[in-house]
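Take a moment with the sequence and the model. Then we will walk through the fold step by step.

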Amino acid sequence: MIACLGFLFAQGQKSSKKLSAEAEIEKVMAMQEQAWNEGNLEKFMGGYWNSDSLTFVGKNGLAYGWKTTLANYKKSYPDKETMGKLTFTLLKKEKLGPESYLVLGKWHLQRAKDEVGGHFSLTWKKTKGKWVIISDHTS
């Protein structure tokens, strides 16, 4: 009985350990991949800072704000077929400060009729205990 309780206590300690910042960011990006592949743009946007100060740089230039970014995604990807299957490949993670990271990587969409992809640089910030993208430059 005591050995069993010791095992359960040890397991509880392992599961309650805080994830590293990089692991937390990777977890958010995995959630984004899953949400995208489910066709759920609102859930995908959960990885972004819900602020008018969010910046997104893409093929159409600079855009500001969470709502604008969501609207642009909806316009560019109106249905699940257009969205395809998203895969991120992380190339570099660099700590910029105690509460900020730069993540560089590649994105790839596999769709029924074609494949598209490119690169991204994401600036992450920990705000209100949560890691979010505050600036996205995707090409």
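In what order do the elements of the protein chain run from the N terminus on? The order is α-α-α-β-β-α-α-β-β-β-β. That comes to 5 helices and 6 strands. Keep in mind that this is a predicted model.

Now look at the strands. Strands of a sheet pair through backbone hydrogen bonds, either parallel or antiparallel. Here, an open sheet of 6 strands has the order β2-β1-β6-β5-β4-β3, and its pairing is mixed. At the edges sit β2 (61-64) and β3 (85-97), and each of them pairs on one side only. On average, neighbouring strands of this sheet are turned by 25° against each other, direction ignored.

Zoom in on one pair. β3 and strand β4 (residues 100-110) are joined by 11 bridges in the antiparallel sense. Within this region, Leu90 stands opposite Gly105 in β4.

Finally, step back to the whole chain. The protein chain has 139 residues, and 32% of them count as buried. Its accessible surface comes to about 8,800 Å², with 56% belonging to carbon and sulfur atoms. What about contacts along the sequence? Among contacts with a separation of 6 or more, 48% come from residues 24 or more positions apart.

How values were computed: Residues are numbered from 1 along each chain as its sequence is written. This is a predicted model: local features need pLDDT of at least 70, side-chain atom pairs count only at pLDDT 80 or more; totals for chains, interfaces and linings use all residues. Side-chain values use heavy atoms; hydrogens and water are left out. Helices (H or I, at least four residues) and strands (E, at least two) are DSSP runs, numbered from the N terminus. Buried means under 20% relative accessible area, exposed over 50%, partly exposed in between (1.4 Å probe, protein chains only). Contact means heavy atoms within 4.5 Å. Accessible areas come from the Shrake-Rupley method with a 1.4 Å probe; for residues, only the protein chains shown count as cover. Two strands pair if DSSP finds at least two bridges between them. Axes are lines fitted to C-alpha atoms, for helices over the stretch in contact, and angles run from 0 to 180 degrees between N-to-C directions.
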